[in-house]
Amino acid sequence: MKTIVDTIAATRDITLEQLQTVLSATDTAAVDYLYARALETCRSVYGNAVFMRGLIEVSNHCKNDCLYCGIRRSHASVHRYRLSEEQVLECCATGYRLGFRTFVLQGGEDGWFSDTVLCHMVQAIRNAYPDCAITLSLGERSRESYRQLFEAGANRYLLRHETANAAHYASLHPAEMSFDNRMRCLQDLKEIGYQVGCGFMVGSPGQTVETLFEDLQFIRRFEPQMVGIGPFIPASGTPFENEKAGSVETTLRLLAIIRLLHPRVLLPATTALGTLHPRGRERGILAGANVVMPNLSPKDHRKDYALYDNKLCTGDEAAECRVCLDRRIRTTGSQLVVDRGDFRE
Ligand code: SAM
């Protein structure tokens, strides 16, 4: 297995057989070697810096009915909310004071957030914080909408592809959602000039080593600046509520593999990873991740943005999360930094 890890690192490529071997390995020394190589690769590009993104969950209204998602349209017991521009700006102000230099506006696909409303909001953030990056994660929109938001001052866009296998995609989403449109969105975002993040859940129902291999091949072709992967966690009240959660170990191995394949990529240690394991995010950093996304959303609304069960930090103030994360990240020998954390070409 060590030879395989060295080959992946040297060629920045992986075969299906190598992926199978790495994901099924039981030799802990060999798996530790994988993590160590990934960490070393990450540090050779970004040093020991870990970049913070302040997550602002702007709305949990969603027109989509993704089978895995806790805020899907047909989940009747979700208490729906959306933030006003003023509330979003307050979150940014708190975040800026705490050292955040990237704000991520994430939400369900909520028609209330028209291009006019969103462009106004993005411009207001851009004017108030010219030194910060603005990331959007608002799902599928038209090319024209993405273009207007970019012109308004947004720099980055996160849109997980969810799976690079069309049949698997169809099994995770309702018929009205299309794999081709997801791919069209990602292509449009890239062509417009955003730093783009794709990604997927680890252990989503129907995922296999083969579909994961397709994900890695897609990432290789697409060359995103960011890759967001985290374990699937069942959400009660969804069709997948009784499915098994994704594995922390598999997520860590995939993080390490992605780091070896794409040394420069920005790779979050996700909240979902921290939800399934008390040191999940720290372990993610030690496996080659270099981004964390603490929550800046108003405390009153945190519990309503429950994409899955037992989500981390729903009761904490932003400042508490910041201090707690700082302490946690230091235990890995890395350090949270006050920096936009742009992709290094
Ligand atoms: N609506 C936007 C979109 O589709 O990109 C942003 C919000 S969406 C809820 C953000 C991500 O949450 C999805 O891309 C999905 O991978 C993740 N997610 C949703 N439900 C999840 C679950 N049950 N477990 C883990 N991750 C989940």
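These legends walk through close-up views of a predicted model. Local features are given where pLDDT is at least 70, side-chain atom pairs count only at pLDDT 80 or more, and totals for chains, interfaces and linings use all residues. Residues are numbered from 1 along each chain as its sequence is written, and side-chain values use heavy atoms, leaving out hydrogens and water.

**View 1. An aromatic cluster.** Here you meet Tyr146, Phe150, Tyr157 and Tyr194, which form one aromatic cluster. The structure holds 10 aromatic pairs (rings of Phe, Tyr and Trp, the last by its six-membered ring, pair if their centres lie within 6.5 Å).

**View 2. Charges over rings.** The charged end of Arg101 sits over the ring of Tyr96, 3.5 Å from its centre. Lys2 likewise has its charged end over the ring of Tyr33, at 5.2 Å from the centre. This label requires NZ of Lys or CZ of Arg within 6 Å of the ring centre and within 35 degrees of the ring normal.

**View 3. The largest cavity.** This cavity (a set of points on a 1 Å grid over the protein atoms alone where a 1.4 Å probe fits but cannot get out) holds about 1000 Å³ of space. Of its 47 lining residues (those with an atom within 4 Å of a point), Gln106, Ser137, Arg160, Glu162 and Leu307 are the closest to its centre. Strand E7 (226-231) is one of the elements that supply at least two lining residues, and E7 gives the most, with 5.

**View 4. The second largest cavity.** Its volume is about 90 Å³. Residues lining this cavity include Leu55, Arg281, Lys311 and Cys321.

Terms used. Phe/Tyr/Trp six-rings, centres within 6.5 Å; stacked < 30°, edge-to-face > 60°. 1 Å grid on protein atoms, 1.4 Å probe; cavity = no way out; pocket = protein on both sides within 12 Å on 5 of 7 lines; lining within 4 Å. Points joined across faces, edges and corners; volume = space filled by probe spheres on them. Helix = DSSP H or I, 4+ residues; strand = E, 2+ residues; numbered from the N terminus.
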